[in-house]
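Hi everyone, and thanks for coming. I'd like to walk you through a structure that may be new to you, so let's bring it up on the screen.

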Amino acid sequence: MRKRYLILAVILVGLAAGYFYKKQPKPIEVEVYTVEKGEVKSTVSNTRVGTVKACRRAFLAPATGGQVAKLHVKEGDQVKQNQLLLEVWNDDLKDQVKLQEAQIKANKATAEQACQLGANADREAYRISKLFKNNHIVSEEAVDSKVSAAKSKQAGCNAARENITVSERSLEAAQAAVERTLLIAPFDGTVAEINAELGEYVTPSPPGIPTLPAIDLMDVSCLYVSAPIDEVDAPQIKTGMTACVSLDAFAEKRCSGTVSRIAPYVLEKEKQARTVEVEVKLTDPKDLKELLPGYSADIEVLLTSKPRAIQIPAEAVMENNRVLLIKKDSLLEERTFKPGLTNWNTVEVLSGLAVGDKIVKSVGQDGVAAGATVKEKQ
């Protein structure tokens, strides 16, 4: 009988243990991070998306309106500074230039004739004056007449020469009128867009009324990113600071950037947070490869860094600088720590955690809270 009771008791204890084991909650699989040392950077990022821009870009249109007579380039062409891009009909103005050139030639011939006569009159006046002084053969009235005639003809020579100068200035004015019909490249660049066709009529933009440029020219050999930084963060940024650029179109970050300009004013657009425009220039040719103006981009400006700091991922941090620490019995415990440098990805730990501690990364997962039993996700 005793043996039967003993067997029955063992069975009951086993059933009870199995019952209580089934009633216990199963451990929750979580992502775990082991606290370690590494580099922690303090950075500032833009509040809204930035844009890749060309260092030099010109929206070109001829200085005077007219019908497009010649189009010397097409979209995508590489052009040099002072290269002719477009020409408005200007045959009448070119004829004016030819007319002024011919007028200069005629005025030079007239001046040569007048000056030859003036020189001859000077010689005659000199000879008659000499005769009057030596022998008084000629009358004083004759001398005065010859001297006055010489002066008059010399004045005619000077006037003819001035006419040459006037005609040269007229030629310059005619040439300037022709140049106003020409569209010249102000710098080496790439023709991005052409908004004119042969035979179309183009006009300069009236004041306050923007119109499409005849030619959009940009220098893509130099690119930068312009992005808005919140007014609270902007005072920390200085020109010359290192910055990284992230683009939606490419996976890798480009970290050869340098802060090249900080706008001297705050943007106050309606219904938007006030921001300061910051420009980051990329210097490494590899970072400029495949980059095009107009790409959306984000900037991350490095303020300071610590190469060997205790760090944890930012996604593991809850409100009020709390984390979920995994104890040796696999139970979770809330732990508050003192933070140092922070960025979007990493937080420095000054106190409250030690190297080797294990914390939960997936803090938003259902059931993950202090007191829960967890196991590391494989």
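You'll find serine 330 in the loop between strand 16 (322-326) and strand 17 (332-336). Helices (H or I, at least four residues) and strands (E, at least two) are DSSP runs, numbered from the N terminus.

Before going further, a word on the source: this is a predicted model, where local features need pLDDT of at least 70, side-chain atom pairs count only at pLDDT 80 or more, and totals for chains, interfaces and linings use all residues. Residues are numbered from 1 along each chain as its sequence is written, and side-chain values use heavy atoms, with hydrogens and water left out.

Back to the backbone. Most residues other than glycine have a negative phi. Serine 330 is not a glycine, yet its phi is positive, about 70°. Asparagine 82, also not a glycine, has a positive phi of about 75°. Asparagine 82 sits in the loop between strand 6 (78-79) and strand 7, and at 58% relative accessibility it counts as exposed.

Now follow the chain into strand 7, residues 84-88, which runs antiparallel to strand 8 and is joined to it by three bridges. Two strands pair if DSSP finds at least two bridges between them. Leucine 84 has isoleucine 184 of strand 8 as its bridge partner. Both strands belong to an open sheet of four strands, paired antiparallel in the order 8-7-5-10. Its edges are strand 8 (182-184) and strand 10 (201-202), each pairing on one side only.

Next, the interior. In soluble globular proteins, nonpolar side chains tend to be buried together. Here the largest nonpolar core has 25 residues, and Ile237, Val245 and Ile299 have the most contacts inside it. By nonpolar core I mean a set of buried Ala, Val, Leu, Ile, Met, Phe, Trp, Tyr and Cys residues joined through side-chain atoms within 4.5 Å. Which strand gives the most to this core? That is strand 11, with five residues. Apart from this core lies another, of 18 residues, including Val68 and Leu85.

Seven antiparallel bridges pair strand 14 with strand 11; alanine 227, for example, has valine 278 in strand 14 as its bridge partner. Strand 13 (residues 254-262) pairs with strand 14 over five bridges, again antiparallel, and there threonine 258 stands opposite lysine 281.

Finally, the largest pocket. A pocket is found on a 1 Å grid over the protein atoms alone, as an open set of points where a 1.4 Å probe fits, with protein on both sides within 12 Å along at least five of seven lines; lining residues have an atom within 4 Å of a point. How many residues line the largest pocket? There are 13, of which Lys41, Thr43, Cys244, Lys253 and Glu300 lie nearest its centre. Strand 3 (36-45), strand 12 (242-247) and strand 15 (296-313) each supply at least two residues of that lining.

Conventions
Buried < 20%, exposed > 50% of the residue type's maximum accessible area, 1.4 Å probe, protein only.
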